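Today I'm looking up pockets and charge pairs.

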Amino acid sequence: MKKAVLTVGSLVFLAIPSANSAERDAPLDPSCAIVNRAYANTRATELYGGLMFEAKADGSYVPIREYRFRKNAVFRRWVPGEWREERRVNPPLSYSSGPRFSDCRQIDSPTPQSKPGRYAAKWYGAPYTGKVEVWLMPDELKLERVLVTYDEHFRPAPYVSQLELFSYDPDNTEFPKP
């Protein structure tokens with residue numbers, strides 16, 4: 001009897017798909033193709049950095065987090081704070097319960113200075129959701145900045161909105177000194 005329970009239990013465990021498998025299988029929203037491409041290109045970039053800010057209701061920004069990505073490592077710190085090195089793991093484009101970006105629409109016209117413009121979308125960063133505005137680099141290949149406004153009652157921090165600015169300049173993305 002115990003052997004049968006072990007076998008059934010093992011089969012049930014094997015039948016549960018891994019999170020990575022489920023993430024790959026979730027369909028992407030075709031309206032977000034350009035945003036998804038920029039997101040994937042940014043996260044695949046070997047060397048980049050960024051700053052995250054709390055976006056206050058009065059229009060001001062307060063720095064909260066800084067990071068530096070390298071091929072296999074990421075350095076992060078709360079502002080102010082000490083740098084911590086971690087193994088680099090790139091967030092997925094979708095989770096088993098849905099894509100990171102959905103219902104994308106361009107909200108301003110491209111210009112020579114801002115091509116390809118700015119996009120609005122629904123955002124999902126398991127388990128949080130919200131509205132997002134995404135600015136792309138002029139070449140359309142990477143993210144320039146992302147403003148997330150979290151859903152009212154379920155967010156990862158006490159603030160409502162977070163602005164993330166990306167930097168691809170090697171002078172602004174060097175490894176912090178230990």
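How much space lies in the largest pocket? I get about 690 Å³. A pocket here is an open set of points on a 1 Å grid over the protein atoms alone, where a 1.4 Å probe fits, with protein on both sides within 12 Å along at least five of seven lines. The volume is the space filled by probe spheres set on the points, which are joined across faces, edges and corners.

Ground rules: this is a predicted model, where local features need pLDDT of at least 70 and side-chain atom pairs pLDDT 80 or more, while totals for chains, interfaces and linings use all residues. Residues count from 1 along each chain as its sequence is written, and side-chain values use heavy atoms, without hydrogens and water.

Next, the lining. I find 28 residues around the largest pocket (lining means an atom within 4 Å of a point), and Gln162 is one of those nearest its centre.

I then checked glutamine 162. It is buried, at 11% relative accessible area (buried is under 20%, exposed over 50%, partly exposed in between, with a 1.4 Å probe and protein chains only). Its contacts beyond four places in sequence include Met52, Ile64 and Tyr150 (heavy atoms within 4.5 Å).

Last, charges. I note 8 salt bridges in the structure (a side-chain nitrogen of Lys or Arg within 4 Å of a carboxyl oxygen of Asp or Glu). In one, arginine 76 meets glutamate 86, closest N and O atoms 3.0 Å apart. Arginine 76 is partly exposed at 23%, and so is glutamate 86 at 25%. I also see Glu66, Arg68 and Arg77 linked in a salt-bridge network.
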